[in-house]
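Work through the exercises below with the model open in a viewer. Try each task before reading its solution.

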Amino acid sequence: MTDWILWAVALFFVQTTLPPMFRYVIRSDPRILETLGPRDNPPETSTIGERSERALNNMIEASLLFFPVALLATQMDASDSAIFGAMIFVLARAVYVPLYIAGVPGLRSVAWAVGHAGIVMILMSLL
C-alpha cells in the first residue's frame with residue numbers, strides 16, 4: 001500500500017508543476033524570468049494551461065478522499081483489495097490527467113469514475 005501512496009504523491013507533485021509550466025515556460029513566448037518575481041500580474045495561460053489547473057484542482061479534491069483512507073488502510077494492515085483499490089486510483093488518475101489536458105470528453109469522465117471506484121474499494125476493505 002505504501003508504494004501506491006508514494007506513487008500518488010509523485011503524481012500529485014507532477015500535477016502541481018504543470019500549470020506554472022504551461023503559464024510561464026511551455027508557450028510561444030516563454031516568461032521564465034517572471035517566475036522569479038512575486039507574480040502579481042501573471043501572464044494569460046493557454047487553454048491547455050487552464051485545463052491543467054482544473055485537473056490539479058480535481059486532484060486536490062480526490063486527494064482529500066484518497067490519502068486519509070489509504071493511510072488508514074495502511075495502519076490497519078491493508079487487505080489485498082485495499083491495495084488493489086489504491087493501484088486502481090493511481091493508475092486511473094495517471095490516465096485522467098492527460099485526458100483532461102487533451103480535452104478528451106467521455107473517457108476523462110470514465111477515468112475519474114474508475115479512480116473514485118478505487119477509493120470505494122479501499123473504504124469497503126475497511127468495513
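Helices (at least four residues) and strands (at least two) are DSSP runs, numbered from the N terminus. The model is predicted.

**Exercise 1. Overall fold**

Task: Give the order of the elements of the protein from the N terminus on. Then describe its extent, burial and contacts.

Solution: 
- Step 1. Count the elements. The protein has four helices and zero strands.
- Step 2. Write them in order. The run is α-α-α-α.
- Step 3. Take the extent. The C-alpha trace spans about 50 × 30 × 20 Å along its principal axes.
- Step 4. Take the burial. The protein has 127 residues, and 34% of them count as buried.

**Exercise 2. H1 against H3**

Task: How do H1 and H3 pack, and which residues make the contact?

Solution: 
- Step 1. Two packed helices are described by the angle between their axes and the distance between the axes.
- Step 2. Read both values. H1 and helix H3 (residues 80-102) pack at an angle of about 15 degrees, and their axes are 9 Å apart.
- Step 3. Classify the angle. Angles under 35 degrees count as roughly parallel, so H1 is roughly parallel to H3.
- Step 4. Assign the hand. H1 passes H3 in a left-handed crossing.
- Step 5. List the H1 side. Trp 4, Trp 7, Ala 8, Leu 11, Gln 15, Leu 18 and Phe 22 make the contact from H1.
- Step 6. List the H3 side. Ile 83, Ala 86, Met 87, Val 90, Leu 91, Arg 93, Ala 94, Val 97 and Ile 101 make the contact from H3.
- Step 7. Sort the residues of this contact between H1 and H3. They divide into 14 nonpolar, one polar and one charged.

**Exercise 3. H1 against H2**

Task: Are H1 and H2 roughly parallel or roughly antiparallel to each other?

Solution: 
- Step 1. Read the geometry. The axes of H1 and H2 come within 9 Å and cross at roughly 160 degrees.
- Step 2. Apply the cut-off. Angles over 145 degrees count as roughly antiparallel, and H1 and H2 are therefore roughly antiparallel to each other.
- Step 3. Assign the hand. The crossing of H1 and H2 is left-handed.
- Step 4. Sort the residues in the contact of H1 with H2. They divide into 17 nonpolar, seven polar and two charged.

**Exercise 4. The salt bridge**

Task: Which residue forms a salt bridge with Arg 23?

Solution: 
- Step 1. Side chains of opposite charge can pair when their charged atoms come close.
- Step 2. Find the pair. Arg 23 forms a salt bridge with Glu 53, and the closest N and O atoms are 2.8 Å apart.
- Step 3. Arg 23 is in helix H1 (residues 2-25) and Glu 53 is in helix H2 (residues 47-75). They are 30 residues apart, and the pair links distant parts of the chain.
- Step 4. Count. The structure holds one salt bridge.
- Step 5. Check accessibility. Buried means under 20% relative accessible area, so Arg 23, at 16%, counts as buried. Glu 53 has 26% and is partly exposed.
- Step 6. Thr 45 touches Phe 22, Arg 23, Glu 50 and Glu 53, not counting residues up to four places away in sequence. Thr 45 lies in the loop between H1 and H2. Its relative accessible area is 15%, so Thr 45 is buried.

**Exercise 5. A backbone angle**

Solution: 
- Step 1. Recall the background. Most residues other than glycine have a negative phi.
- Step 2. Read the angle. Phi of Asp 77 is near 55 degrees, a positive value in a residue other than glycine.
- Step 3. Locate the residue. Asp 77 lies in the loop between H2 and H3.
- Step 4. Check accessibility. Asp 77 is exposed, with a relative accessible area of 68%.

Note on methods: Residues are numbered from 1 along each chain as its sequence is written. This is a predicted model: local features need pLDDT of at least 70, side-chain atom pairs count only at pLDDT 80 or more; totals for chains, interfaces and linings use all residues. Side-chain values use heavy atoms; hydrogens and water are left out. A salt bridge is a side-chain nitrogen of Lys or Arg within 4 Å of a carboxyl oxygen of Asp or Glu. Buried means under 20% relative accessible area, exposed over 50%, partly exposed in between (1.4 Å probe, protein chains only). Contact means heavy atoms within 4.5 Å. Axes are lines fitted to C-alpha atoms, for helices over the stretch in contact, and angles run from 0 to 180 degrees between N-to-C directions. Angles under 35 degrees count as roughly parallel, over 145 as roughly antiparallel, 65 to 115 as roughly perpendicular and the rest as oblique. A crossing is left-handed if the near helix is turned anticlockwise from the far one by less than a right angle, and right-handed if clockwise. Ala, Val, Leu, Ile, Met, Phe, Trp, Tyr, Cys and Pro count as nonpolar, Asp, Glu, Lys and Arg as charged, and the others, Gly among them, as polar.
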